Amino acid sequence: MAEPKFRAPKGTRDILPPESARRRALVEVFADRASRSGFGEVVSPMFEDMGVFKRVGESTDIVTKEMFDLYDKGDPPQHLALRPELTASICRAFAEHRPVPPWKVWYEGPQFRYEQPQAGRYRQFTQVGVELLGTDDPQADVDVIALGAGFFSSVGLSRVRLLINSLGDPQCRPAYMEALKSYLESRGSDLSPQSQVTLERNPLRVLDSKRRADQPIIDSAPLMVDFLSAESAEHFETVRSGLDALGIEFDISPRLVRGLDYYTRTTFEFAAESLESSQNAVGGGGRYDGLVEDLGGPPTPGIGFALGIDRILMACDSEQVFPQPPPALDVFVVDVTGGPHALSVCDALRGRGLGADRAYGGRSMKAQMKLADRSGAPFAVIIGEDEVASGEVTLRDMRGDSGQRRVPLAALAGEIRHLLSPKQER
Ligand code: HAM
């Protein structure tokens with residue numbers, strides 16, 4: 001095959017059928033679970049004023065290195081950016097529309113980060129997620145985490161570990177930051193050059209380093225949990241006991257800091273043990289009690305998470321769960337009279353709620369039967385001159401269960417419905 005003239009840009013992919021159907025089915029499982037927990041869908045713009053995203057972390061890679069930003073053609077031009085995540089957009093929307101809290105929303109869609117692409121790390125990837133704004137009740141944290149954990153179970157994934165931590169609040173964080181900074185400075189020359197730079201910007205981010213040189217230093221660093229205020233400690237305790245009460249297993253991960261700056265108190269990550277450790281975060285989230293206010297809204301606590309659909313599908317492959325959904329076609333119509341009957345029969349069947357497809361270009365019976373086979377449809381309808389003359393069609397069971405027979409055209413849809421097992425009937 002000749003080299004294509006153009007390819008999808010680096011770090012992006014075309015998701016083709018049938019994999020696209022599996023992805024859509026996965027999003028639907030999430031949508032169903034979120035709606036049944038009282039969350040409504042928000043669809044927000046794919047780009048925002050750059051200022052919206054600056055608030056998510058001036059010291060994070062996401063904002064400093066990975067933004068897809070652009071200036072529009074206005075006068076003066078507006079500095080815009082493709083969204084790297086959705087929490088900031090949701091908080092911007094909350095500040096703009098002032099819905100009555102608690103506001104419970106879910107979302108789905110592509111995010112953009114200029115990362116070094118590798119397996120499970122893309123420049124355009126899809127997230128689903130929820131945000132719950134307007135309450136700092138720790139039971140909301142438990143409810144939100146339980147929604148994520150329940151989603152993984154309903155997909156069939158059993159090797160997803162939940163890691164939780166508390167990052168404290170504005171009262172206790174400064175003392176911890178001071179202790180962490182002086183500790184890291186005391187080890188300064190042993191840190192990797194990259195972490196020495198990070199230390200200047202935000203000592204907390206150093207804990208996120210995966211570089212080998214930094215690991216022994218990180219392992220002995222002071223821990224936020226030892227600095228928590230009484231309120232934050234109690235909040236964390238209530239979250240843990242709530243998860244215990246629901247039978248949700250978790251590990252406390254005192255060095256979990258996450259890649260965004262807005263977090264306060266509860267933070268968590270879902271790690272797929274079936275994936276390689278550098279890309280095994282299939283989701284993450286936490287509280288961001290100051291973000292709405294930072295974006296110009298009223299003081300409003302919030303908690304949420306986002307899950308990476310691309311990585312979840314990789315984990316499903318490793319655990320061999322969540323297979324392709326069955327084909328949406330019930331019937332493939334084979335018309336050996338040239339095609340016009342296929343047109344009307346397909347149209348009628350689709351009108352009766354059945355899935356129907358056909359071939360084009362007046363192909364031979366053999367070629368059409370091959371396509372019928374490949375389509376995965378459990379039935380084929382065959383139309384020849386004979387059938388047309390008698391106002392009938394031949395209905396063939398492609399699964400081999402009930403052979404083939406003539407059916408009056410008017411009775412076709414009802415007959416197919418009858419033959420489809422209740423499981424297949426949609
Ligand atoms: P995040 O940890 O940056 O959090 O992203 C959440 C998930 O998105 C990750 O765990 C991962 O599965 C997926 N993901 C991130 N980057 C990539 C990439 N380059 N390629 C493929 N998948 C990726 C957030 O985005 C926060 N907004 C989560 C949140 C919601 N916190 C509170 N509410």
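Predicted model: local features only at pLDDT ≥ 70, side-chain atom pairs only at ≥ 80, totals over all residues.
In this report, strands are DSSP runs of E of at least two residues, and they are numbered, like the helices, from the N terminus.

The largest share of the shell around the ligand comes from β10, which gives 6 residues. Strands β6 (124–133), β10 (281–287) and β11 (302–308) each supply at least two residues of that shell. Among the 27 residues around the ligand, those that come nearest are Glu85, Thr87, Glu115, Tyr263 and Ala281. Sorted by class, the shell holds 11 nonpolar, 9 polar and 7 charged residues.

| Residue | Atom of the residue | Atom of the ligand | Distance |
|---|---|---|---|
| Arg258 | polar side-chain atom | oxygen | 2.9 Å |
| Gly283 | polar backbone atom | oxygen | 3.1 Å |
| Phe305 | polar backbone atom | nitrogen | 3.4 Å |

On its own the ligand has 650 Å² of accessible area, and the protein covers 96% of this.

Thr87, one of the residues that come nearest to the ligand, also belongs to the buried residues of α4. This helix spans residues 87–97 and is largely enclosed by the rest of the structure, because 9 of its 11 residues are buried, that is, under 20% relative accessible area. Besides Thr87, the buried residues of α4 are Ala88, Ser89, Ile90, Cys91, Arg92, Ala93, Phe94 and Ala95. They pack against β2 (47–49), α2 (50–54), β5 (103–112), β6 and α11 (291–294), and β6 is also one of the strands that supply the shell around the ligand. After α4 comes Arg98, whose phi is positive, near 45°.

Terms used:
Residues numbered from 1 in each chain as written. Heavy atoms only, no water. Near = heavy atom within 4 Å. Polar contact = N/O pair within 3.5 Å; in protein donor to acceptor, adjacent residues only side chain to side chain. Areas by Shrake-Rupley, 256 points an atom, 1.4 Å probe, with all protein chains shown as cover. Helix = DSSP H or I, 4+ residues; strand = E, 2+ residues; numbered from the N terminus. Nonpolar A, V, L, I, M, F, W, Y, C, P; charged D, E, K, R; others polar. Buried < 20%, exposed > 50% of the residue type's maximum accessible area, 1.4 Å probe, protein only. Contact = heavy atoms within 4.5 Å.
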